[in-house]
Amino acid sequence: ARRISAELLTPQISRALKRRFKYKVDAILDDETSWGSSFQMLDRIVQLQYIINKMSDCGNQEVTLTVAQWTQMTGLRDLLEKAYDVVLRLQYSDITPGYFLRKWSGLRLFYDHHAGRGSSLAGELASSMKLREDQ
């Protein structure tokens, strides 16, 4: 995903996207210190899937993804979206401990559910959250 975003942000590709496809949004490159940016980067790539596939069809191998890779990227984006939403909601200045606990518990249950359906990433996230609760 990072490779694709970096390619889409090169000046030549960025100008071509705006000129040829009249696209008003740029790709987002994640920031290693902010995990929320990983969701934003994946979300933008999925939004730009049509254009990325067109670029691939025109011979740009830097952005070529298989159907399985698109499915995996979309699934990862969907897993991170829930946490991204909860983190945004927990930034409100007037949250109560009960609200925090409800959001936290709901997120952990979400990841527990997906871990039970075979998602190793969801399992790791749920496990990390449980360890944090036990401290």
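**Contacts, fold and main pocket of the predicted chain**

Among contacts (heavy atoms within 4.5 Å) between residues at least 6 apart in sequence, 57% join residues at least 24 apart. The structure is a predicted model, in which local features need pLDDT of at least 70, side-chain atom pairs count only at pLDDT 80 or more, and totals for chains, interfaces and linings use all residues. Residues are numbered from 1 along each chain as its sequence is written, and side-chain values use heavy atoms, with hydrogens and water left out.

The chain holds 7 helices and 0 strands, where helices (H or I, at least four residues) and strands (E, at least two) are DSSP runs numbered from the N terminus. Taken along the principal axes, its C-alpha atoms fill a box of roughly 50 × 35 × 20 Å. Of its 135 residues, 30% count as buried, that is, under 20% relative accessible area with a 1.4 Å probe, protein chains only.

We can now turn to the largest pocket. A pocket here is an open set of points on a 1 Å grid over the protein atoms alone, where a 1.4 Å probe fits, with protein on both sides within 12 Å along at least five of seven lines; lining residues have an atom within 4 Å of a point. Helix 5 (67-89), helix 6 (97-116) and helix 7 (120-134) each give two or more residues to the lining. Lining residues include Trp-35, Leu-80, Trp-104, Tyr-111, Ser-128 and Met-129.

Definitions and conventions: Buried means under 20% relative accessible area, exposed over 50%, partly exposed in between (1.4 Å probe, protein chains only).
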